Amino acid sequence: MSGARLAAVALRQVWRLPKARPGREWQRPLEELVAAVALDCEAAGAVVIGHVKALAAWPEGGYVRASAVDTRHGPSAESTAMGVARESELTLNVLVYGLADEVVVGLATSALTRLATTVGAQVTPCAPSAGGHVHVYPASDEEGRKQR
Amino acid sequence: MHLVLVTGFLGSGKTSLIIKLAAAARAGSRSAAIVVNEIGEIGIDDQVLRRLELDVWELTNGCICCSLAGDLIDTLHKLDESYAPDLVIVEASGAADPASLLVALPYYRGRALESTRWITVLDPYRLPMLLEVMTPLVTSGIKQADQLVITRNDLASPPEIEATVSAARSINRQAPIHRVDLTGPLDPSVTGELLS
C-alpha cells in the first residue's frame, strides 16, 4: 500500500426521540450504523477500515458504544446500565485509510440520517470535525513527512 | 509510579483492555490514571472512560506518536505532582508507531518510574491483513512489546487465533502472549502479569 491517507472524521449530534425509550434499545441501531458506515467506506474505495465507532450517551451516565473494524465480521457493542431517556448525544468517529475526509463526512452523515429517519429522531447537528492530524501510510515515505 | 503503554492498531481493543486493567488496579487498591490520545477531535474513548469514573487525562491536537511525546512528558509531570497515582496507563492512538515515546521518556524528571511496560494489543480478525499492508507499523508494535494481548478470543475463529499467535511469535519470540475475551472480567493471572 502506498501513501494511503488516514481520514479521521467525527460527527456529533443531539437526538430527540418522539418518546422516551430504554437506553438498551439503542444497541442494535448503533451496531447497524457502524456496520453500514464500514460497508459504505469499503464500497467507496477505502484501503483499510481502521475503526468505525459510535457512542450514544445519556445524561444520567449510561451509554451504548458500538464498533466495527471491517466488513467481514459483525460489529460489536457494549453498554452500561441506563434508564429511559428521550434525548441522547450521539458521536460517530470514522477512521479509514484511502478516502478523503469530505467523502467520509458524506458517507457518515448519510448513514446517520438514515438511522435518524428509521427511529424518528429530531436531530440537532454539531459541526463535523475532520482531519487535524495527517497520517499517511507508510509513514516513513517522503510524502508522509511533508504532510505531517 | 508504574507506567504501562498500551499500543495496537485502530480498533484492536486497547480501550476495552484498559477498562479491564483499570478495574483490576482499582480492585487491588491501586490508584490509576489513564492518558488517552485519540485521533479525531471528538473523542469517544475518553467519554466512555470518564463515564466509568476513571481518572482520564487527554492529549489532544495531535498524535502522541508523532508530535505529542513532549505533551505526554508534561502530563506525566502533572500527574506526578498533583495526583501521584500508583499506575499510569497510556493509550496510544493506534495510527502511528509509538516508539518515539520511549525516546521521550528519559526527559521525564518526576518520581522514578518503578517499571515501564509495553503492551501491544492484537486483533485476530485483521492481523494477517495488516501485516501485509501496514507492515512496519504493525511489526514495530509487536517487536517492541513486553506483553502481547490477543483480543476477541471468544469471537475469532480458531484459525484466526492460531494465525495471529504464529505471526506474533515469528516477530517477537520473547513476549508472553495472552488470549483474552474483553466482554467479561480478565483472568486475574493475566491482569497480574500485565500490571506487575
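Reader: What share of the 148 residues of chain A counts as buried?

Author: The share is 44%. Buried takes 20 or more other C-beta atoms within 10 Å of a residue's own, exposed takes 12 or fewer, and partly exposed lies in between, with C-beta atoms placed from the backbone. The model is predicted: local features need pLDDT of at least 70, side-chain atom pairs count only at 80 or more, and totals for chains, interfaces and linings use all residues. Residues are numbered from 1 along each chain as its sequence is written, while chains are lettered from A and ligands numbered from 1 in the order in which they are written.

Reader: What makes Tyr63(A) buried?

Author: Tyr63(A) has 23 other C-beta atoms within 10 Å, so it is buried. Its place is strand β3 (residues 63–68) of chain A.

Reader: Which residues does Tyr63(A) touch, beyond those up to four places away in sequence?

Author: In chain A, they are Leu55(A), Ala56(A), Ala57(A), Trp58(A), Ser79(A) and Thr80(A). Val48(B) and Arg51(B) of chain B are touched too. Contact means that two C-beta atoms, placed from the backbone, lie within 7 Å.

Reader: Why are α1(A) and α2(A) called roughly antiparallel?

Author: Their axes cross at roughly 150° and come within 10 Å. The classes are: under 35 degrees roughly parallel, over 145 roughly antiparallel, 65 to 115 roughly perpendicular, the rest oblique. Therefore α1(A) and α2(A) are roughly antiparallel. The axes are lines fitted to C-alpha atoms over the stretch in contact, and angles run from 0 to 180 degrees between N-to-C directions. Here α1 spans residues 27–43 and α2 residues 101–119.

Reader: Which residues make that contact?

Author: From α1(A) come Pro29(A), Leu33(A), Ala36(A), Val37(A), Asp40(A) and Cys41(A). From α2(A) come Val104(A), Leu107(A), Ala108(A), Ala111(A), Leu115(A) and Val119(A). By class, 11 are nonpolar, none polar and 1 charged. Nonpolar covers Ala, Val, Leu, Ile, Met, Phe, Trp, Tyr, Cys and Pro; charged covers Asp, Glu, Lys and Arg; the others, Gly among them, are polar.

Reader: What makes α1(B) and α8(B) roughly perpendicular?

Author: The axes of α1 (residues 14–27) and α8 (residues 188–195) of chain B come within 10 Å and cross at roughly 90°. The two helices are therefore roughly perpendicular. Lys20(B), Leu21(B), Ala24(B) and Ala25(B) meet Thr191(B), Leu194(B) and Leu195(B).

Reader: Why is Glu58(B) called partly exposed?

Author: Glu58(B) has 15 other C-beta atoms within 10 Å, so it is partly exposed. Glu58(B) lies in strand β3 of chain B. Leaving aside neighbours within four places in sequence, its contacts are Val36(B), Gly43(B) and Asp46(B).

Reader: What is the phi of Glu53(B) near?

Author: Phi of Glu53(B) is near 60°, a positive value in a residue other than glycine. Most residues other than glycine have a negative phi. Glu53(B) sits in the loop between α2 (45–51) and β3 (55–58) of chain B. With 10 C-beta neighbours inside 10 Å, Glu53(B) counts as exposed.

Reader: Where is Ala84(B)?

Author: Ala84(B) is in the loop between α3 (69–82) and β4 (87–91) of chain B. Its phi is near 50°, a positive value. Ala84(B) has 12 other C-beta atoms within 10 Å, so it is exposed.

Definitions and conventions: Helices (H or I, at least four residues) and strands (E, at least two) are DSSP runs, numbered from the N terminus.
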